[in-house]
Amino acid sequence: MTADALVYHPTVSHYLRFVATTVGRDKLLRTLQYFSRFYAWYLFRTNNPPRLIAPFVAIKTQFALTRKALRLGKNVEHFKAAASAMDDTKSKDNFLRYCAVGRQLGYAMYLTLDMATYVDAAGIWKLESAKRLQKEAYRAWFVGLLFNAVAGCYTLWGLRQREAGVDKADGEGVVESKKIERERATTNLQLVSDLCDLTIPSSALGYANLDDGIVGLAGTVSSLIGVWGAWKKTA
């Protein structure tokens, strides 16, 4: 009876739907990858022997390569999303529409360049230009994240303007106020995720002097936010 209760528990069914998605598996691997990056740094800074550090370095490296493989071909999705955003003439806010185009093109270029470096990273074919391509990939990702962060700040400003015009004494005003609160919470969470992710290309490109501890923790936080989002979508 206990075994049946566990096997048929709704949480188990939810978990299976979650791991059946590429996004779900990627977010879990990403969480482990960046936590390992942080923990390897922590062990090194606390003078632990190399044999204790090596497993976490291996997890960081191997999971990064696995995720790179999972991303192959995903650039097409973002090119299509950029085209759809550009053609969305019904959008009420052109600034957000252009930010969406910039974000999607940034991600698309990042994934295209990242895909080109996979054969080198996997040891299939050595490319002399691999480091340069990876650097350009990080730059494209940085631009995409920056567009999304700017859009998030702009959205929060717009929500503040809407909230100022709401009459909370009125029934419809109360409903609108709650809707604004939900939108603000969602936007804030995405903005935190974007700001955490910005540490990764910023560090790789030398825009900011951040050690693996900060980058690893920031990557872990944004990954957990991604896990939570993917979990809710498969509910």
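**Cysteines and rings**

A: Let's start with the sulfur of Cys99: its closest cysteine sulfur, in Cys153, is 10 Å away, too far for a bond. A disulfide is a pair of cysteine sulfur atoms within 2.5 Å, and by this rule the count is zero disulfides. Bear in mind that this is a predicted model, where local features need pLDDT of at least 70 and side-chain atom pairs count only at pLDDT 80 or more, while totals for chains, interfaces and linings use all residues. Residues are numbered from 1 along each chain as its sequence is written, and side-chain values use heavy atoms, with hydrogens and water left out.

How open are the two cysteines? Buried means under 20% relative accessible area, exposed over 50%, and partly exposed in between (1.4 Å probe, protein chains only). Cys99 is buried at 4%, while Cys153 is partly exposed at 46%.

Now for the rings. Rings of Phe, Tyr and Trp (its six-membered ring) pair if their centres lie within 6.5 Å; planes under 30 degrees apart are stacked, over 60 edge-to-face, and the rest tilted. That gives 12 aromatic pairs. One of them joins Tyr39 and Phe56 edge-to-face, with 4.9 Å from centre to centre and 75° between the planes. Tyr39 belongs to helix α3 (residues 22–45) and Phe56 to helix α4 (residues 50–70), so this pair ties together parts 17 residues apart in sequence. Helices here are DSSP runs (H or I, at least four residues), numbered from the N terminus. Tyr39 is partly exposed at 27% relative accessibility, and Phe56 is partly exposed at 23%. Ring pairs also link Phe35, Phe38, Tyr39, Trp41, Tyr42 and Phe56 into a cluster.

Methods:
Helices (H or I, at least four residues) and strands (E, at least two) are DSSP runs, numbered from the N terminus.
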